[in-house]
Amino acid sequence: MKILIKNGRVVDPASGRDEVADLAIAAGRIVAIGPVSADFHANRVIDAAGCVVAPGLVDLAARLREPGHEHEGMLESELNAAAAGGVTSLVCPPDTDPALDEPGLVDMLKFRARKLSLCRLFPLGALTRGLAGEVLTEMAELTESGCVGFGQAEVPIQDTLVLQRALQYAATFGYTVWLRPQDGWLGKGVAASGAVATRLGLSGVPVIAETIALQTILELVRATGARVHLCRLSSAAGVALLRAAKAEGLPVTADVSINSLHLTDVDIGFFNPAMRLTPPLRQGGDRDALRAALADGTIDALVSDHNPVDEDAKTLPFGEAEPGATGLELLLSLALKWGADAGLALPATLARVTSEPVRVLGDALGSLASSAGRLVTGGVADVCVFDPAQTWLVTPKALASQGKHTPFAFEATGTALPGRVRATLVAGTVAYEAAAATPG
Amino acid sequence: MLHKRNPQLNAHGELIHLLSIEGLPRDVVTHILDTAGTFLSVNDREVKKVPLLRGKSVFNLFFENSTRTRTTFEIAAKRLSADVINLDIAKSSASKGESLLDTIANLSAMHADMFVVRHSESGAPYLIAQHCAPHVHVVNAGDGRHAHPTQGLLDMYTIRHFKKDFTQLSVAIVGDIVHSRVARSDIHALTTLGVPDIRAVGPKTLVPGDLKGMGVRVCHDMAEGIRGADVVIMLRLQNERMSGAMLPSAGEFFKNYGLTDDKLALAKPDAIVMHPGPINRGVEIDSAVADGAHSVILPQVTFGIAVRMAVMSIIAGNEA
């Protein structure tokens, strides 16, 4: 299969390339960018005039709810959502049911995703068996099965000795440990501590739930030399600790979710369960610090934190509602919105959802590390073609994901989002193509 | 983000549900208190009934136990001639198997006109109000730590009865503020009615500093908190707070924050002492104070019925 993407604005954040050019794809790889030789006979031509031709997005945090929660998301629907959102690679956390703590589970998940060929799937293995925080998993075996790192998802390890050993062990083999910094005891509330939670009578998660956990993790990184990726920071104080840790040269990276980047606890309004999220939405100062940190590179990547939740689990009182929101189909638009607000050039904006997350993944990607998240001749043809000028109204029912809950539904925000995906290619195959463009 | 209209008001700013005192205009609060005044005399009649809710069905829907509050709502509804159905669903909706909204849908099918809801989760009455038919009214009878608006209103009625003017008052609220829906409703009502000095008094575990954002002065010292107060509102200390990490013991709490005649002497000579009940004698309040000349705890209960009659009759008369 040979595909020619013609006349698009080719943006490759890693190299800084930003020019109108053609992109030729053959046998799953990019064979030419720019002048395409006359003897390249494409089976398929995609006219990308007026569109941006970018690397496929790389999302470091998306839950697919399989195995174990098939009623809330199925691999196929969620990978379709990824493709519809221009996401060509995603990292899923290990808190499936059962948790991803055995190679067989990872093999099966990878196999099923590969058969669908909608999006590349990179699972994180459980750091401890059953995420129970007691016994280490067989990390070498899990890595052979395709795990790109190890984490605890939303289940912090309370026993510091176990956490220290987990980091020591992972450091031995150079595995990256992915941790969301949250103290298990202080983090039991349902909304961020602050004026809104106090007023609404919601139990709070204080900022120190994040910073105490961060301090512990950073001390253990100093002691063990383990490489740690900090998932979904939520606070200005957390950003300050991360900035200092990076200045010190500690081997840490971090991401932030689209929710924390755009929303605050004030958006909870009258107990809107769509705003029940983990980490909880914090205050304006926290959001501003997160936005600035993503812009200056302190925070490496922007993630969708995609977590499909079904209707029954959301139409409950705020504290009982299941945390989470759909996000795969919103990642690009919310990145563009943030980038425009921050006054960033398009390549810099796109870097946070393409080349930077690939840098976070590093060697764990194997041979893909040199070309995923980039557009390079000879590299894999994971491509996202989108119309930056088209706006759209988020209508939950029209989303491909089985998770229909999003804080960004037009009905709630009254705001249109910028950027609409026209086509997504994974390994040179069209995984998604928009129906005839209809202005939003 | 776009914010929807306060869900308890209709497009004309009239009260259709009572979910929280927060966000209610002062004239709406005053109107409820004035209306309650007219119902007080009904309670003194030989036939204690008016026909305002005749033919209407009021469902008392208590997902959390409360004999006292449920009873006062039942009396209020019956004095308005409504048919009252009591449902004690002590377990939370989730553990019961049927979802909260399924319960509401079923009861709506029985032609309920009003739900009086108590629930252990903050915000549950909002969910119900958002999902029930437009002609159905919801009264929040206490949700989690969030609000207990009829208690707040009856407290305001009591204060107005004894003190007349709100704008010169010092009010001390003492005890477990952080977990108290009564305290939140009182604070919103007091600020709405123009009380210039509201103090929240208790140890840092129960009165954290961020309560300041609600417009109160935070005092951790009882003497400082109560000195010169016109009104002292004592809160009930829940059993589960009496020992553990919040407080070491009920005895130590009483020693520091329990209201005794000695401590009350620091307040104004004509101070009134209030309590939402049921009282824990010897924990938050000494018997001598609870039964003493400053106590208005029993008038609060009497006024509570009139206030609940006022709330139910007003919201039943307004359309969504």
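B:Val232 touches B:Ala172, B:Val174, B:Ile226, B:Leu259, B:Leu264, B:Ala267, B:Ala271 and B:Val273, leaving aside neighbours within four places in sequence. Contact here requires C-beta atoms, placed from the backbone, within 7 Å.

This is a predicted model: local features need pLDDT of at least 70, side-chain atom pairs count only at pLDDT 80 or more, and totals for chains, interfaces and linings use all residues. Residues are numbered from 1 along each chain as its sequence is written, while chains are lettered from A and ligands numbered from 1 in the order in which they are written. The model scores ipTM 0.93 and pTM 0.95. Chain B has a mean pLDDT (the predictor's confidence in each residue, from 0 to 100) of 93, with 96% of its residues at 70 or more.

B:Val232 is among the residues with the most contacts inside the largest nonpolar core, alongside A:Val53 and A:Val177. That core has 250 residues. Such a core joins buried Ala, Val, Leu, Ile, Met, Phe, Trp, Tyr and Cys residues through C-beta atoms within 7 Å; buried means 20 or more other C-beta atoms within 10 Å of a residue's own.

A:Val177 is also the bridge partner of A:Phe150, in S11(A). Two bridges join the parallel strands S10 and S11 of chain A. Strands are DSSP runs of E, at least two residues, numbered from the N terminus.

| Strand of chain A | Residues |
|---|---|
| S10 | 150-151 |
| S11 | 176-179 |

Both belong to an open, parallel sheet of six strands, ordered S9-S10-S11-S14-S15-S16. Pairing takes at least two DSSP bridges. S9 and S16 of chain A each have a single partner strand, so one side of each lacks a neighbour in the sheet.

Definitions and conventions: Buried ≥ 20, exposed ≤ 12 C-beta atoms within 10 Å, placed from the backbone. Contact = placed C-beta atoms within 7 Å. Helix = DSSP H or I, 4+ residues; strand = E, 2+ residues; numbered from the N terminus.
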